[in-house]
Amino acid sequence: MKKSKHSALLLAAALALPLAGGAAEGIPPMGERGPGPGGGPGFGPGHGPGPGMRGPGMHFLHGLDLSDSQEDKVFQLMHSQAPYLREQHRAHEKAMQALHEMRNADKFDDAAATKLAQAAAQAQANITLAHVRTHQKVLALLTPEQRKQLEERKNRPHRAGGFNER
């Protein structure tokens, strides 16, 4: 029981690290950001809630009885990738902002727009690849029994609310 609470607290702390970074940078909360590139709130469809927040989904570890060593390694992985992810999110947002400003410009520069679109796409690709790599590193930390538990969970039917049945 104590380990389960400890695991939950550790994972919450690891996932909250990027939030603290965003707060320190003066990034407004999602509801206060205004429309994103897709016309919706925040960053638009398919984009995470903010720099560092679109993590590799460590929620899949919830309920696993991780050892202290495993928890420490997961925390270290999450913490070590935060600066890179923040940098990539900034690059993506900067390119998207410049593209957004170009949309209403008196004179359109197709070559510059192409370059910005490629920069935004490359930053997003870097973020996605970092998440996949981190996910794989976390999976490598798990015991065969823990991996089996994950596989069993994945194969369970889901309730209408989207939560796994317990």
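Trainee: How are α2 and α3 oriented to each other, roughly parallel or roughly antiparallel?
Mentor: In this predicted model, helix α2 covers residues 68-103 and helix α3 covers residues 110-141, and the two pack with their axes 8 Å apart at an angle of about 165°. Angles over 145 degrees count as roughly antiparallel. The two helices, α2 and α3, are therefore roughly antiparallel to each other.

Trainee: How do the residues of the contact of α2 with α3 divide into nonpolar, polar and charged?
Mentor: The helices concerned, α2 and α3, cross in a left-handed sense. The residues of their contact come to 22 nonpolar, nine polar and two charged.

Trainee: Is Ala120 buried or exposed?
Mentor: Ala120 belongs to helix α3, and leaving aside its neighbours within four places in sequence, Ala120 is in contact with His92, Ala95 and Met96. The cut-off for buried is under 20% relative accessible area. Because its relative accessibility is 4%, Ala120 counts as buried.

Trainee: What separates the C-alpha atoms of Ala120 and His89?
Mentor: Along the chain, Ala120 and His89 are 31 residues apart.

Trainee: Which residues does Gln70 touch, not counting residues up to four places away in sequence?
Mentor: Gln70 has its place in helix α2, and with a relative accessibility of 8% this residue counts as buried. With residues up to four places away in sequence set aside, Gln70 touches Asp65, Leu141, Leu142, Thr143 and Gln146.

Trainee: Is Arg103 buried or exposed?
Mentor: Arg103 is likewise found in helix α2, and its C-alpha atom is separated by 9.2 Å from that of Ala113, which is 10 residues apart from Arg103 along the chain. A residue counts as exposed when its relative accessible area is over 50%. Since the value for Arg103 is 57%, Arg103 is exposed.

Trainee: Where does Glu145 lie, and how does it count at 47% relative accessibility?
Mentor: Glu145 lies in helix α4, which covers residues 144-154. Leu64 is 81 residues apart from Glu145 in sequence, while the two are 9.8 Å apart in space, C-alpha to C-alpha. Buried means under 20% and exposed over 50%, with partly exposed in between. At 47% relative accessibility, Glu145 therefore counts as partly exposed.

Trainee: Which pattern does the protein follow when read along the sequence?
Mentor: The secondary structure of the protein comes to four helices and zero strands. Read along the sequence, the pattern is α-α-α-α.

Trainee: What percentage of the contacts with a separation of 6 or more is between residues 24 or more positions apart?
Mentor: Here the count takes in the contacts in the protein with a separation of 6 or more. Among these, the part from residues 24 or more positions apart is 67%.

Trainee: What percentage of the residues counts as buried?
Mentor: For the surface, the protein exposes about 10800 Å², of which carbon and sulfur atoms supply 58%. For the interior, the protein has 166 residues, and the part of them that counts as buried is 30%.

Technical notes. Residues numbered from 1 in each chain as written. Predicted model: local features only at pLDDT ≥ 70, side-chain atom pairs only at ≥ 80, totals over all residues. Heavy atoms only, no water. Buried < 20%, exposed > 50% of the residue type's maximum accessible area, 1.4 Å probe, protein only. Contact = heavy atoms within 4.5 Å. Areas by Shrake-Rupley, 256 points an atom, 1.4 Å probe, with all protein chains shown as cover. Axes fitted to C-alpha atoms, helices over the stretch in contact; angles between N-to-C directions. Parallel < 35°, antiparallel > 145°, perpendicular 65-115°, else oblique. Left-handed = near helix turned anticlockwise from the far one by under 90°. Nonpolar A, V, L, I, M, F, W, Y, C, P; charged D, E, K, R; others polar.
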